[in-house]
Amino acid sequence: MRIPKFFVANHVSSLDAFLLALVPEEGVEVVKAWPFRLPILGVFARLAGFLNVERMEPDEFRAAVEDLLGEGYSIVVFPEGTRSGSRQVGQFHGAMFRLALELRVPLVPVCIVGNERTPAKGSWILEPATVRMRCLPEMAWNEFSHMTPYQLKNHVRRLIQDEVDRMGATA
């Protein structure tokens with residue numbers, strides 16, 4: 001049996017939520033409200049059980065995450081909270097890192113490059129692109145249990161930014 005974990009990804013484009021369906025485990029995504037407002041795709045977001053972080057109280061969100069982990073589902077999160085539209089990884093919010101520490105959940109950093117303009121912010125036009133996604137090695141809880149949520153979020157952000165830079169240099 002696989003141990004559920006948090007897949008933590010940089011957020012480049014509105015297509016990222018669909019790319020993360022490729023993570024090697026069954027997971028539920030944490031998203032803002034916008035996917036639920038999309039015609040047709042909003043129905044699938046609801047059916048997939050996406051967690052709407054903007055519509056849930058913190059205690060309700062934590063309970064939902066704990067229930068999903070208990071059922072064996074991993075959690076997929078974009079801690080930037082919004083897409084960057086570039087290869088520069090934005091600042092991370094700390095909530096998921098606080099939960100990872102409290103619930104002793106392993107983390108898998110996920111790096112995405114190549115879809116900065118697929119579509120560009122404010123556009124619906126998809127431009128051809130070579131998109132690459134890479135999962136970094138899993139971080140067991142005991143590897144980061146000594147960190148504060150602030151230290152952990154910054155550590156994971158640096159890991160992702162360094163790998164995004166390497167991936168971008170070889171594109």
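Guide: We will set descriptions of this model against their definitions.
Guide: This is a predicted model, where local features need pLDDT of at least 70, side-chain atom pairs count only at pLDDT 80 or more, and totals for chains, interfaces and linings use all residues. Residues are numbered from 1 along each chain as its sequence is written, and side-chain values use heavy atoms, with hydrogens and water left out.

Visitor: What is the strand order of the open sheet?
Guide: The order of its 6 strands is β3-β2-β4-β1-β5-β6, with mixed pairing. Strands are DSSP runs of E, at least two residues, and helices are runs of H or I, at least four, both numbered from the N terminus.

Visitor: Why do β3 and β6 stand at the edges?
Guide: β3 (51-52) and β6 (132-135) each have a single partner strand, so one side of each lacks a neighbour in the sheet.

Visitor: What makes β1 and β4 a pair?
Guide: Two strands pair if DSSP finds at least two bridges between them. β1 (residues 6-9) and β4 (residues 74-77) have 3 bridges, in the parallel sense. Therefore they count as paired. Phe7 has Val76 in β4 as its bridge partner.

Visitor: Which strand and β4 pair over 3 bridges, with Val28 bridged to Ile75?
Guide: That is β2 (residues 27-31), again in the parallel sense. The bridge partner of Val28 in β4 is Ile75.

Visitor: Which strands does helix α5 touch?
Guide: Helix α5 (residues 95-103) touches β1, β4 and β5 (107-113). Contact means heavy atoms within 4.5 Å. The direction of α5 makes about 155 degrees with that of β1. Axes are lines fitted to C-alpha atoms, for helices over the stretch in contact, and angles run from 0 to 180 degrees between N-to-C directions.

Visitor: Why is Leu47 called exposed?
Guide: Exposed means over 50% relative accessible area, buried under 20%, and partly exposed in between, with a 1.4 Å probe and protein chains only. Leu47 has 67%, so Leu47 is exposed. Leu47 is found in helix α3.

Visitor: Which residues of β4 point each way, and are they buried or exposed?
Guide: Ser74 and Val76 point one way, Ile75 and Val77 the other. All are buried.

Visitor: Which residues of α5 are buried, and what covers them?
Guide: Met96, Phe97, Leu99, Ala100 and Leu101 are buried. Their cover includes β1, α4 (58-70), β4, β5, α6 (141-144) and α7.
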